[in-house]
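Me: I'd like to learn how to read a fold from its coordinates, one feature at a time. Can you walk me through this one?

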Amino acid sequence: MWTDGRYFLQAAQQMDSNWTLMKMGLKDTPTQEDWLVSVLPEGSKVGVDPFIIPADQWKRMSKALRSAGHDLVPVKENLIGTIWTDCPQRPCKPLITLDLSYTGVSWRDKIVALRSKMAERKVMWFVVTALDEVAWLFNLRGSDVEYNPVFFAYAVIGMNTIRLFIDGDRMMDPAVREHLQLDSTLEPEFKIQLMPYGSILSELQAVGAGLSPKEKVWLSDKASYALTEAIPKAYRYLTPYTPICIAKAVKNAAETEGMRRAHIKDAVALCELFNWLEKEVPKGTVTEIFAADKAEEFRRPVPETNRTLSVNEIYLLDSGAQYKDGTTDVTRTMHFGTPSAYEKECFTYVLKGHIAVSAAIFPNGTKGHLLDSFARSALWDCGLDYLHGTGHGVGSFLNVHEGPCGISYKTFADEPLEAGMIVSDEPGYYEDGSFGIRIENVVLVIPAETKYNFKNRGSLTFEPLTLVPIQTKMIDVNLLTEKECNWVNEYHQKCREVVGAELERQGRHEALQWLLRETEPLARVQ
């Protein structure tokens, strides 16, 4: 079982002796290909279900195995599927339509923009395989996948045809029919043909068979190997990021405003929660699951780890919600008693890293991975580190993790950051068996003013969308520079102004008092 640093402890606790844990990212851990090469007898065949492996991963694995004398072969029938007799049906839940007040752009205009990108690349067909890309393109959302507002579907966009591959009677919903104008007389290039979800492979094979010599089909290189192979190699145009992925990442004004609204709603809920926890934790009756229920958190902790919270240890809450306005993802680390000097020291290094990213000014065209070490610098100075990336793209009422941007040392294939992109800023520090610290805000990339403006390249920085106090009790103020101290005070002032006003408006007076206490200005000892 291969997993990254976030799950080393959990995996070790939950897997029995039949499993070997492979800790990804550690220098002695082999890749899956290297491990296979080391254990396989000569001339082996390795079977994979071609529908569940991306084309780029197939290519990499196939090359490594072939160079060692083995073959990677597609297996027609998923072998686990044949023995999983009570396998549940694929979900097929109702769809949600989003109007222009949420999306800012109609689905028809998105199709026009996509076709113009296709024309630029001289491509006749575009295959949409990522669920969040299908949802974004048609301004629809669903709930087929827990915690992600997406639905099972594919789409194939031609220069004058649109095919949507989707199952279920959900397409009979009058709101959905009206939204997609299924019963209207439309120009043929906007008429959506509905097809069964399972017919995608045969339809793509038919498209592939009917292509004339110079015609191309555009797919993501993350599309499954099975669908990629349906198009003959000479006709394929593969890219790591699709034009939909890139357009989706740059939020328009309606989406940005929606994300702001979502984060204010979220901050109100968290002020209520943390105020409640501050009173209840000292009584010794609050468990992790009780606290998670209280936050109406979506991802529940596993019952076996349902510890009682105490005033003698750090409490880390990573939570988020899906609002029609947008998607939130916030982590705060609190202590309900008196933190030790060491805990405060580690927390402050993490905070310094968080501020270094949030306040960073960088030239237009900078890739997010270049900012990753900003977040680690204070930790590295003391010989500390964390084993995950610093940030990921965040969808607008879509997947909480999305490409093509991020802030992580693990990838250099990320797209450059540009104004309108939304990412997380979440450095941390963790000690097995003792404590974990993470400070996470969702931030918006915005233009910045600089003296020389990178010779007219343009300057960028971040604006925090998350507005939840950072516990000052955990900060060793003497480790902060004056600039960092000012950043915390200005951030807390904004929490007061924006979230305080909303708590006041809703008459949530206790939570408001908590917010005011938690955002008292820091003062550095001169």
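Reply: Let's start with contact, which means heavy atoms within 4.5 Å. Among contacts in the protein between residues at least 6 apart in sequence, 67% join residues at least 24 apart. Before going on, note that this is a predicted model, where local features need pLDDT of at least 70 and side-chain atom pairs count only at pLDDT 80 or more, while totals for chains, interfaces and linings use all residues. Residues are numbered from 1 along each chain as its sequence is written, and side-chain values use heavy atoms, with hydrogens and water left out.

Me: How many helices and strands does the protein have?

Reply: Helices (H or I, at least four residues) and strands (E, at least two) are DSSP runs, numbered from the N terminus. Here the protein has 18 helices and 22 strands. Its radius of gyration is 25 Å, close to the 24 Å that the globule rule gives for 526 residues, so the protein is as compact as a globular protein of that length. That radius is taken over C-alpha atoms, and the rule is 2.2 Å times the number of residues to the power 0.38. Along the principal axes, the C-alpha trace spans about 75 × 60 × 55 Å.

Me: What percentage of the residues count as buried?

Reply: Buried means under 20% relative accessible area, exposed over 50%, and partly exposed in between (1.4 Å probe, protein chains only). Of the 526 residues, 49% are buried by that cut-off.

Me: Which residues of helix α15 are buried?

Reply: The general idea first: an α-helix has 3.6 residues a turn, so residues three or four places apart point the same way. In α15 (residues 372–381), the buried ones are Asp 372, Ala 375, Arg 376, Ala 378 and Leu 379. They cover an arc of only 155 degrees around the axis, which puts them on the same side of α15. The arc is that of the directions from the helix axis to the C-beta atoms. As for partners, the buried residues of α15 pack against α14 (341–358), β17 (402–407) and β19 (428–431). After α15 comes Gly 383, with a positive phi near 80 degrees.

Me: α14 came up there. Is His 354 of that helix buried or exposed?

Reply: His 354 sits in α14 and is buried, at a relative accessible area of 0%. Leaving aside neighbours within four places in sequence, His 354 touches Asp 425, Pro 427, Ile 439, Glu 440, Asn 441 and Trp 487.

Me: And the loops? Where does Thr 129 lie?

Reply: Thr 129 is in the loop between β6 (125–128) and α7 (131–138). At 17% relative accessibility, Thr 129 counts as buried. Its contacts, again setting aside neighbours within four places, are Tyr 154, Ala 223 and Leu 227.

Me: Backbone angles next. Which peptide bond is cis?

Reply: Look at the bond from Gly 403 to Pro 404: it is cis, with omega near 5 degrees. Pro 404 belongs to strand β17.

Me: What about phi at Tyr 147 and Phe 397?

Reply: Tyr 147 is not a glycine, yet its phi is positive, about 75 degrees. You'll find Tyr 147 in the loop between β7 (140–141) and β8 (154–158), partly exposed at 28%. Phe 397 isn't a glycine either, and has a positive phi of about 45 degrees. Phe 397 lies in the loop between β16 (391–393) and β17, and is buried at 7% relative accessibility.
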